Amino acid sequence: QTIVGNRRTGHRSSGYVEGGLWHRNSSPEFAPSPDVYELPAHPVGFPVLIALIVAPFHPTLDDSEADVGLVLALIAWLGTVATYFLARQIGMRRAPAMLAALVLAAASPWLAYSRSYFPEVTIGLAMVLAMWALMADLPIPASLGAVVAAVLKPAFAIIGACFFVEEIRERRWREAAKIALTLGVPAVALLAFNYWMHGRFVTARLAWSFDAQELYDTLLDPNHGLFIFAPWAIVAFAAAGRS
């Protein structure tokens with residue numbers, strides 16, 4: 001899944017999916033040549049982060065996949081531990097806090113994602129840590145957690161925006177300024193990176209991440225929607241709305 005470009009013409013093509021397989025544009029303009037190059041169609045934050053974690057251990061090519069799998073399993077474990085401490089931070093007693101962590105680990109897509117090579121569990125850990133920091137009145141670490149989630153998948157930038165709006169609503173101007181600055185610097189860096197790599201500040205993939213259809217698929221898709229796959233998640237949304 002790559003974007004193919006031609007330096008001479010300046011044209012680009014993202015290819016297409018047919019029969020479950022990804023195909024490059026068959027035009028002669030994009031046939032392999034010194035003028036043709038490829039760029040990733042997906043955000044690069046997740047593979048870069050995992051590569052930085054694994055690199056110090058100098059894995060061989062044969063070991064790298066297993067090493068990454070171990071790292072992702074550890075991240076999933078940390079996510080359940082962080083959920084317990086978040087629950088304690090917001091005032092839950094020990095038993096309900098353990099139950100919250102248990103629901104995450106055993107009654108959600110968490111375990112399925114923990115043995116896959118997708119960024120969702122890492123995003124989940126970043127979000128839980130961000131929320132824990134916010135509830136502990138640590139706006140800068142909270143913003144950094146939101147930044148990590150957004151770098152891994154741009155749609156999650158909404159989390160940092162919500163943190164900022166909440167501080168404005170509570171008239172905590174200094175905390176709001178800290179959040180805005182902590183979110184703003186990485187946002188500018190991301191836009192600059194997009195321009196360097198894609199020649200535009202906002203890529204098509206970034207715009208696609210905020211598609212309303214994508215929101216519907218995430219929550220209500222008959223096969224994989226969160227409210228269908230883990231319907232008890234509705235309780236969390238209801239509680240958030242009430243609070």
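Colleague: What kind of model is it, and what's the average pLDDT?
Modeller: It's a predicted model. The protein averages a pLDDT of 87, and 95% of the residues score at least 70.

Colleague: Where is confidence lowest, and where is it highest?
Modeller: Lowest is helix H9, residues 204-208, with a mean of 49. Helix H5, residues 120-135, is the highest at 95.

Colleague: OK, secondary structure. How many helices and strands?
Modeller: Twelve helices and five strands. Three strands make an open sheet in the order S2-S1-S5, paired antiparallel.

Colleague: Which strands stand at the edges?
Modeller: S2 (12-13) and S5 (36-40). Each has a single partner strand, so one side of each has no neighbour in the sheet.

Colleague: And how many bridges between S1 and S5?
Modeller: Five, with S1 covering residues 2-6. Ile3, for instance, has Leu39 in S5 as its bridge partner.

Colleague: Switching topic: what box do the C-alpha atoms fill?
Modeller: Roughly 65 × 40 × 40 Å along the principal axes.

Colleague: How much of the protein is buried, and what about the surface?
Modeller: Buried residues are 30% of the 243. The accessible surface is about 15400 Å², with 68% of that belonging to carbon and sulfur atoms.

Colleague: Last one, charges. How far apart are the mean positions?
Modeller: There are 17 positive and 18 negative charges, and their mean positions are 10 Å apart.

Key
Residues numbered from 1 in each chain as written. Predicted model: local features only at pLDDT ≥ 70, side-chain atom pairs only at ≥ 80, totals over all residues. Heavy atoms only, no water. pLDDT = per-residue confidence, 0-100. Helix = DSSP H or I, 4+ residues; strand = E, 2+ residues; numbered from the N terminus. Pairing = 2+ DSSP bridges. Buried < 20%, exposed > 50% of the residue type's maximum accessible area, 1.4 Å probe, protein only. Areas by Shrake-Rupley, 256 points an atom, 1.4 Å probe, with all protein chains shown as cover. Lys, Arg positive; Asp, Glu negative; His and termini not counted. Charge placed at Lys NZ, Arg CZ, Asp CG, Glu CD.
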